[in-house]
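Biologist: Could you go through this model with me, one topic at a time?

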Amino acid sequence: MKLVPIGEFVDKFYSGDEEWEPKVVEEYYVLSHEGFRAVWKPIRYVLRHRAREIYEVVTEGGGRVEATGSHSVFILDPATLDVIEKPVASLKPGEFLITFVKNMPPARENDYAVIDVIDLLRDRDGIRVLNLPEELRAPSRKRRNSIPLEEYLRLESRSNAEGLRSRVMVRLRNSKYMLPARIQLDEDLAFVFGAYIADGCVKRGKRICFTFGAGEVEIANRTLKVMQRKFGLRPAVDARGSYTIYEFNHTLLAEVFEELLGRELREKRVPPHLWASPPSVIREFFKGLMADSRRTLKRRYVVYSTASRSLALQFLWLARVAGFYSELFVEKGSSERGGMTYNVAIYFNRKYKYPNASERIPVEFLTRLRELAKPRSMPLPLTYVWKKKRVSKKTAMRVIKWISEKGRIEGEAKTYLDKLFRLLNSDIVLIRVKEVRRKPYNGFVYDLSVPGTESFFGGNVPVLLHNTGHGGMCTIHAESIEKCVQRLTSPPMNVSPAYIPAMNIMLLVERVWLPEGKMGRRLRYLWEVEDYGKYRLLVKWDPRRDVHEVAGKSLLLEKVSERLGRSVEELEEEIERRMLVLRWMVEKGITDFRDVARHITQYYVRPRELLERARRELSALGVEVEAVKPVPRAPLLAVDRAGRSGAVGRPRLPEDEESVLSALRRFGGELDSETLREVSGLRGDAYWRAVRRLAERGLVMATLTYVDGRPRLGFKLSRDASLIGT
């Protein structure tokens, strides 16, 4: 078991520039979730593809995760406490993402991981196996007590006896030092491993070396005792005043250390066996890691500092797996070499006045419970809670107790309370989003498919991620929307019901008898998907008149209105304009997909021009055209003699629109959209709102530009824009 960058893992299943082809993998597991628990689940397939833009999400605790805008992360829905996905592009600062800290039971003795020296060094020449059990001596014929490793493995494969390796020892030829073939990774050995990563190395000549400072006598003494008791080793000591060097001459053990832990700093790593060890063992590993006093800050947490980013992330994730909350802080190096210093704070002391993120929950969960249970007046000492964004779990339990005693806990309130109790005692931790920023990127992005939940923890600080989502359409054979969803959620597809709301719209197309007595295809029903089992019928077909009727009000349109900053009425007017263009294409017989795509692109680039053409040609064909509002255009702007711009009788342009115009002027009046957004300094929806308003004023026009030979949407200054001062 080990922590590995997702790109490094996925790339080994691909060759060259191969992308978009899912690769089935077997016998690999990833940390996922089941309800409010972090659990290991198998990976079904991996995927990679190129992207030109990604989002960086920065969270409290030093978290940074990079993903495409269509990739989703998981959040907790405050209304239901369900784990739901949300696209990265829609995230806002202040929202809470899901991370974890394992809530593990106490370890039993047989929970200790075991290091199999034979498996670890089976390719090493010159290893002999000693203390052969009777079951293996007879087949060896020569009745020897020591045989080469290759012969032992051959005999072992033919034997049916169990636990053979627990009874044998291994050593190098002509060496007096032996090792058990199976070494238990207990608290003492984990402590030595920690001390080695902090201040140890394997020197040339295969000697294990520890360097302890004058203030680390306690750690040094314990390390020496463990090496003596477990391996019978005494060190060569070289005292040098402020520090002391201890060297242990045991070639085979040195090779075990080198294989598990690395030889020097740039190679050092957490041993794979430690990830599956109980918390008591992992805690002792971190105690040994305190061997360098410069690495620690003794408060309720310990800070471990290293120049190795990989090692720091391993410390952080290992602490979470063991049940200890951890955070990451990165500092620019102060030495002449520069570089970065990675500081990992691990909270071992849970009895402290100020709670960390794993010991708090958002107050909005308590507010929701209060709304559902409707308790009577609140005790004065608890009233401060409603002014906070988060409170400690201890305080939350006091509030929950009051609500339970004074409110009506039934129905939805009871369900919510049960979920809240499970959350408070779960592995799930909520961390606040500090910043979301979009940035250019040119490379592969990666994804994993996990059966059931389609979720996995990733990032430098773990965040629960969902599979990448892309806008698209698909068809499936079913006689109704209920049957369609039933097929999706049943084998072999097994789509989780929690992900059905990821679909926006579902259509039912059937072959039907038309009023004139012949067969034809019609869209029978159109639904919006509100939730699993909850579908809103918007349009239905009337078989008697062969017309479609609006049967309900759209919720999706309201969401789009909110996102784009435009009224529902404006969106409905735009839909009518597009309907007119589609009707024109039908009447003109424009059905080839290339021609359809060309005219749709033309509408995005020059909507007024195409709309006028469609209206004019439909009238010439004798088709009755209902009046549609033209594409809106705001009044022209004027400039006063001082060079200040502004609409006649109106205030000057907002700052975001000025930023876009200024960027266009600096670069010759025309840019592709991606570059324009970067140069203007605007992000996401703010950029698109500014461009839309400028287009409505007639100050910018959409164009097609070419970047690296590929067509891109772009914008250029219109003639009217020249009226505004430079």
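Biologist: To start, how many residues lie between S17 and S18 in their hairpin, and which residue in the turn has a positive phi?

Modeller: Before I answer, please keep in mind that this is a predicted model, in which local features need pLDDT of at least 70 and side-chain atom pairs count only at pLDDT 80 or more, while totals for chains, interfaces and linings use all residues. Residues are numbered from 1 along each chain as its sequence is written, and side-chain values use heavy atoms, with hydrogens and water left out. In the hairpin, 3 residues lie between S17 and S18, and Gly241 in the turn has a positive phi of about 85 degrees. Helices (H or I, at least four residues) and strands (E, at least two) are DSSP runs, numbered from the N terminus.

Biologist: And which strands pair with S18?

Modeller: Strand S17 (residues 236-239) pairs with S18 in the antiparallel sense over 4 bridges, and strand S16 (residues 207-213) pairs with S18 in the antiparallel sense over 7 bridges; two strands pair if DSSP finds at least two bridges between them. Opposite Thr244 in S18 stands Ala239, and opposite Glu247 in S18 stands Cys209.

Biologist: Okay, why is S18 described as largely enclosed?

Modeller: Strand S18 (residues 243-249) is largely enclosed by the rest of the structure because 5 of its 7 residues are buried. Buried means under 20% relative accessible area, exposed means over 50%, and partly exposed is in between (1.4 Å probe, protein chains only).

Biologist: New topic: which residues of H12 are buried?

Modeller: They are Ala413, Tyr416, Leu417, Lys419, Leu420, Leu423 and Leu424. These residues cover an arc of only 165 degrees around the axis, which puts them on the same side of H12; the arc is that of the directions from the helix axis to the C-beta atoms. As a general point, an α-helix has 3.6 residues a turn, so residues three or four places apart point the same way.

Biologist: What covers that buried side of H12?

Modeller: What covers the buried residues of H12 includes strand S6 (71-76), strand S22 (360-362), helix H10 (363-373), helix H11 (393-406) and strand S24 (428-449), where contact means heavy atoms within 4.5 Å.

Biologist: Are the two partners buried or partly exposed?

Modeller: Lys419 counts as buried at 16% relative accessibility, whereas Asp82 is partly exposed, with a relative accessible area of 33%.

Biologist: How many salt bridges does a search of the whole structure find?

Modeller: The search finds 54 salt bridges. One of the pairs is Glu156 and Arg165, whose side chains meet at 2.8 Å, N to O; Glu156 is buried at 18%, and Arg165 is buried at 13%. Elsewhere, Glu56, Arg64, Glu66, Glu435, Arg437 and Lys439 are linked in a network of salt bridges.

Biologist: Last one: in what order do the 3 strands of the open sheet come?

Modeller: The order is S19-S21-S20, and the pairing is antiparallel. Strand S19 (301-306) and strand S20 (326-332) are the edge strands, and each pairs on one side only.

Notes:
Salt bridge = Lys/Arg side-chain N within 4 Å of Asp/Glu carboxyl O.
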